[in-house]
Amino acid sequence: MDQIFEDCTNLKEVIFQAAEGGTTFKNLSSLDRMFTYCPSLERVDMSGWIVPNLQNMSCMFMDGTKEQSSLSINLSWSGLRDSDTICWTVLPTRATCFPR
């Protein structure tokens with residue numbers, strides 16, 4: 001799903017409807033730059049995702065998104081493996097890597 005919504009300048013809201021109990025994305029490993037350059041984005045709901053192989057969320061919300069305080073993000077995921085590290089970037093100058 002890398003760059004799937006990149007440069008969608010009029011995109012305001014993205015809500016993924018997961019099945020009850022969650023939806024498994026076993027082949028999903030990267031969400032790199034998924035919402036980069038989306039200046040109108042106000043709400044993202046990706047709750048209920050089961051992502052056992054997710055490794056990269058670099059620059060997922062980089063550049064052009066609303067102020068962090070006005071952007072509503074729900075990433076209530078499960079299935080992340082405890083032994084790996086996931087990298088995620090909120091701002092273009094700050095990357096955070098943390099154990100899953």
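pLDDT is the predictor's confidence in each residue, from 0 to 100, and a contact means heavy atoms within 4.5 Å.

**View 1. Confidence along the chain.** Welcome to a predicted model, in which local features need pLDDT of at least 70 and side-chain atom pairs count only at pLDDT 80 or more, while totals for chains, interfaces and linings use all residues. Residues are numbered from 1 along each chain as its sequence is written, and side-chain values use heavy atoms, with hydrogens and water left out. The chain has a mean pLDDT of 77, with 73% of its residues at 70 or more. Over residues 91-100 pLDDT stays under 50, and for this stretch the model has 29 contacts beyond four places in sequence. Helices (H or I, at least four residues) and strands (E, at least two) are DSSP runs, numbered from the N terminus.

**View 2. A parallel open sheet.** Here β1, β3 and β6 form an open sheet of three strands in the order β1-β3-β6, with parallel pairing; two strands pair if DSSP finds at least two bridges between them. At the edges are β1 (13-15) and β6 (72-74), each pairing on one side only. From one strand to the next the twist averages 10°, where axes are lines fitted to C-alpha atoms (for helices over the stretch in contact) and angles run from 0 to 180 degrees between N-to-C directions. Strand β3 (residues 43-45) is joined to β6 by three bridges, and Asp45 stands opposite Asn74 in β6.

**View 3. Trp49 and Trp77, face to ring.** The structure holds six aromatic pairs; rings of Phe, Tyr and Trp (its six-membered ring) pair if their centres lie within 6.5 Å, and planes under 30 degrees apart count as stacked, over 60 as edge-to-face and the rest as tilted. Trp49 and Trp77 are stacked because their ring centres are 6.3 Å apart and their planes are at 20°. Trp49 lies in strand β4 (residues 49-50) and Trp77 in the loop between β6 and β7 (85-91), so the pair ties together parts 28 residues apart in sequence. Trp49 is buried at 2% relative accessible area, and Trp77 is buried at 16% (buried is under 20%, exposed over 50%, partly exposed in between; 1.4 Å probe, protein chains only). Both belong to one aromatic cluster, together with Phe5, Phe16, Phe25, Phe35 and Phe61.

**View 4. Leu31 in the nonpolar core.** A nonpolar core is a set of buried Ala, Val, Leu, Ile, Met, Phe, Trp, Tyr and Cys residues joined through side-chain atoms within 4.5 Å. The largest one has 19 residues, and those touching the most other members are Leu31, Phe35, Leu41, Met46, Met60 and Trp77. Setting aside residues up to four places away in sequence, Leu31 touches a set of residues including Met1, Met46, Trp49, Leu54 and Trp77.

**View 5. Glu6 and Tyr37.** Glu6 sits in the segment before β1 and is buried at 16% relative accessibility. Beyond its neighbours within four places in sequence, Glu6 is in contact with Arg33, Met34, Thr36 and Tyr37. Tyr37, in the loop between β2 and β3, is partly exposed at 32%. Its phi is positive, about 60°, although Tyr37 is not a glycine. Most residues other than glycine have a negative phi.
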